[in-house]
Amino acid sequence: TGCVSGCVCPEGLFDDGRGGCVEEKDCPCIHNNQWYSSGDKITVDCNSCTCQKGFWSCTDSVCFGTCMIYGSGHYITFDGKFYDFDGNCEYVATQDFCGDNNSGGSFSIITENVPCGTTGVTCSKAIKIFLGKTELKLENKDYKEIQRDIGDDVRYWNRTVGLYLVIEASNGLMLIWDKKTTLFIKLTPAYKGKVCGLCGNFDDKASNDFTTRSGLQETNALKFGNSWKQSSMCPDVTLEIKPCDIKPHRKSWAEKECSIIKSEVFKVCHSKVDPSPFYEACVHDACSCDSGGDCECFCSAVAAYAQECTKAEACVFWRTPDICPIFCDYYN
């Protein structure tokens, strides 16, 4: 194609992507648009990866799955699919009562969604956990236990960690709740491909997470979400709610507040976790929470991104006395 002005490496050396030339053994690796030198280690989920001659060499441990439900109807499935669903009803978040043989399960987690604000979006108000013959109801910053007649004995423990209530069960289930609208569900790898509900099927493929109660593959989040409602009396959700269109006067405020997610504050995380869906979700929530709790909705949305950053080993100190302060002495 003719001559191109520029530099090339001498014979036997390789371009290191940063304007230098190195031997093959010193070739760097790339991860999320960041360069790492040979011998550098990073952690991805529960595995560690080492850069060797330009390629990553990773351990292959099987990791816990985490599903996250937060704010006004935002879901990140066990396999990492991000979607929104605003339904005013009780829905199956996840359970291992799946397929034709519905009998062999040991747990079910139900989220009770109610409208938050006047735009029609919904938040998780209460969570019910069915563990064998025990039912736990998490509501109003507290939980209560109800014993039922049927089912096995599944032991569980609860503890408070900072802002969160943590419930851990002997069957490999862990639930972390911020006592407001954020919920993390963690499962051991033994449940891979054996669960169903709004959190997907945990089979490492995000493409088939929209599997309905009847086992069909859906592409539409609303049809998928409607299939997991607990009561047929609840109306189906037919429209995706866009609160910023309904409350345009709140839009610029929401965008200004949520811009912290895309700002320098979170710069260290941007290459590790894409901020875009979290920013969109934050603006959505900040527009919708218009009956008190403005800050709570905004703070929960930013905290959700901060949590994903922490998982990706990018620790961000974003809370200040002006932005979503937490009185640590009180919680300690």
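## Exercises on a loop residue and a sheet

N171 sits in the loop between β17 (164–169) and β18 (173–177). Strands are DSSP runs of E, at least two residues long, and helices are runs of H or I, at least four long, numbered from the N terminus. The model is predicted: local features need pLDDT of at least 70, side-chain atom pairs count only at pLDDT 80 or more, and totals for chains, interfaces and linings use all residues. Residues are numbered from 1 along each chain as its sequence is written, and side-chain values use heavy atoms, with hydrogens and water left out.

**Exercise 1.** Decide whether N171 is buried or exposed, then find its contacts.

*Solution.* 
- Take the cut-offs: buried is under 20% relative accessible area, exposed over 50%, partly exposed in between (1.4 Å probe, protein chains only).
- N171 has 17% relative accessibility, so it counts as buried.
- Set aside neighbours within four places in sequence; N171 then contacts S106, F107, L131, V154 and Y191 (heavy atoms within 4.5 Å).
- The side chain of N171 also reaches the backbone nitrogen of L173, at 3.5 Å.

**Exercise 2.** Examine the pairing of β8 with β19.

*Solution.* 
- β8 (residues 65–70) and β19 (residues 183–187) pair in the antiparallel sense over five bridges.
- The bridge partner of I69 in β19 is L183.

Methods
Pairing = 2+ DSSP bridges. Polar contact = N/O pair within 3.5 Å; in protein donor to acceptor, adjacent residues only side chain to side chain.
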